Amino acid sequence: MSTSGGRPWTADLGDGTYRNPVLNADWSDPDVVRVGEDFYLTASSFGRVPGLPLLHSRDLVNWSLVGHALDRLEPAADFAVPRHDRGVWAPSLRHHAGRFWIFWGDPDHGIQQISAVDIRGPWTPPHLLKAGRGLIDACPLWDEETGEAYLVHAWAKSRSGIKNRLTGHRMSPDGRELLDEGRTLVDADTILGWFTLEGPKLYRHDGEFWILAPAGGVTTGWQGAFRSRDFFGPYEERVVLAQGRTGVNGPHQGGWVRTAAGEDWFLHFQERGAYGRVVHLQPMRWDDGGWPVIGDAGEPVSVHPKPAVPRQPAEAPASSDSFPGGRYGRQWQWTANPRPGWTVEHGGDGLRLSCVRTAYAHDLRALPHVLVQRLPAETFTAEVEVRLGSEVAGAKAGLAVLGDAFGWIGLERSDGGGVRLVHRYAETVAEHERDAEHSRPAPEGRARLRIEVGAGARCRFHADTGDGTGFRPSGQVFAAEPWRWVGALLGLFATAPTGTGPAGTACFTGFRTTA
């Protein structure tokens, strides 16, 4: 895979403390597991491919992206086009019997699982454990004392008409079969003030079954804990983490992990609009009544001493990329299942994207061949150079900010044969992009493109066409827009009008992000 570099945010303050968020990007619905001295994390990937990102850390603060567990989404035909709010929802990551296991719910198809001996794969093909619509947020548990296995999941009302409920099953130890029809473990409609109970994580602790599950909605919710001596209940509940007096809205949905030294920690997300769901790390202890106390007496911490593990170098998932050998790094994903020929490998550096012929070039949201990555920090600059090699009139390539609305800047081959710099956008309700600035010549057929992102995800495009004037701003400042469950994305693309035969390529070089 290609380079790391360009890490615009690190949580490690270098003095034995860390700041939240420890992952300042859209690593939605995280779950975590420890194996020996190593910690591994996965997150929702929805309709992007490859799916199920796999992150590694030795201290829960400094993380790197080591791969993905899903090469393609199934059923493959359903994900041949972008499905930005479907696909992989709220996975659970576990280690049992010498294997890593990931269970997740696809809201349109059901609960699936995969496993691997090594976190880097190979992973087994997805196995559909429970078919049905609205089955989400699945989590397994293997009881090491009894040898029994269990599964809990939540419900999406949009598909099933059910919400605010957790369902449990006994499961075969090999994770391939459910052994009963399922029973309601928690019906939050019976708990005063609780709504949108979802995202359960299932544990065994101190002789009891524990379900850590969020409620109250993505933006303003809280973290709940449920315990029972029997898997099928009854469960008693408590709120164990909430915003309180802090500025951290909706601190919930994540996973508990214990270090080798016996310290307990909880990773969860905070929804931040266009930035998506960033990940926080909270200390965790147990009170005299046996309940977990997360953060500072149930409120999120902003700065805290790091876990008691050997010191690690400061690190964050890579965002910059020099595309060595024409290959893109692990941080990039396609907006749908990829097809052969979208990239062209070659011996040098730089990413060659085929100018894919399409009737939908006027709306980047509909294109499966946009290569995307998360916004890497709250404030940053991203730059890339593009050279348009296609001779087809109407072919174009550029740098985009993609969400429910989008904007992009790049190059287009004109009807007269020349190449021009163009800047276009589409509002949320628009079905067709339009100009955001007058086009201008790019006489060398290349341009250096830049986007500056400030607080509140307010963006401004700039470009240098090599005409001696340097970088010039283009269009107005605009706010990046998220999708329904996904933060805004940076994207690279190349398209051409419908027709026959190859339409050439666009070459991107030196993608660099800086704080």
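**A guided walk through the model**

K130 is found in strand β9, residues 127-131. Strands here (E, at least two residues) are DSSP runs, numbered from the N terminus. This is a predicted model, in which local features need pLDDT of at least 70 and side-chain atom pairs count only at pLDDT 80 or more, while totals for chains, interfaces and linings use all residues. Residues are numbered from 1 along each chain as its sequence is written, and side-chain values use heavy atoms, with hydrogens and water left out.

Is K130 buried or exposed? K130 is buried, at a relative accessible area of 15%. Buried means under 20% relative accessible area, exposed over 50%, and partly exposed in between, with a 1.4 Å probe and protein chains only. V384 lies 254 residues from K130, and 44 Å separates their C-alpha atoms.

Next, the sheet. It is open, and its 4 strands follow the order β10-β11-β12-β13 with antiparallel pairing. Two strands pair if DSSP finds at least two bridges between them. β10 (135-142) and β13 (183-187) stand at the edges with a single partner strand each, so one side of each has no neighbour in the sheet. From one strand to the next, the twist averages 25°. The axes behind that angle are lines fitted to C-alpha atoms, and angles run from 0 to 180 degrees between N-to-C directions. Look at one pair inside the sheet. β11 (residues 149-155) and β12 (residues 165-171) run antiparallel and are joined by 5 bridges. L151 has H169 of β12 as its bridge partner.

β10 also takes part in a pocket. The largest pocket holds about 580 Å³ of space. Its lining has 21 residues, and V33, R94, L141, Y203 and R204 are the closest to its centre. β10 supplies at least two lining residues, as do β2 (31-35), β6 (89-96), β14 (201-205) and β18 (252-258). By class, this lining divides into 11 nonpolar, 3 polar and 7 charged residues. Ala, Val, Leu, Ile, Met, Phe, Trp, Tyr, Cys and Pro count as nonpolar, Asp, Glu, Lys and Arg as charged, and the others, Gly among them, as polar.

A pocket and a cavity are both found on a 1 Å grid over the protein atoms alone: a cavity is a set of points where a 1.4 Å probe fits but cannot get out, a pocket is an open set with protein on both sides within 12 Å along at least five of seven lines, and lining residues have an atom within 4 Å of a point. Grid points are joined across faces, edges and corners, and a volume is the space filled by probe spheres set on the points.

How many cavities of 30 Å³ or more are there in the whole structure? The search finds 3.

Last, the cysteines. The structure holds 0 disulfides (pairs of cysteine sulfur atoms within 2.5 Å). For C355, the nearest cysteine sulfur is that of C507, 11 Å away. C355 is buried, with a relative accessible area of 4%.
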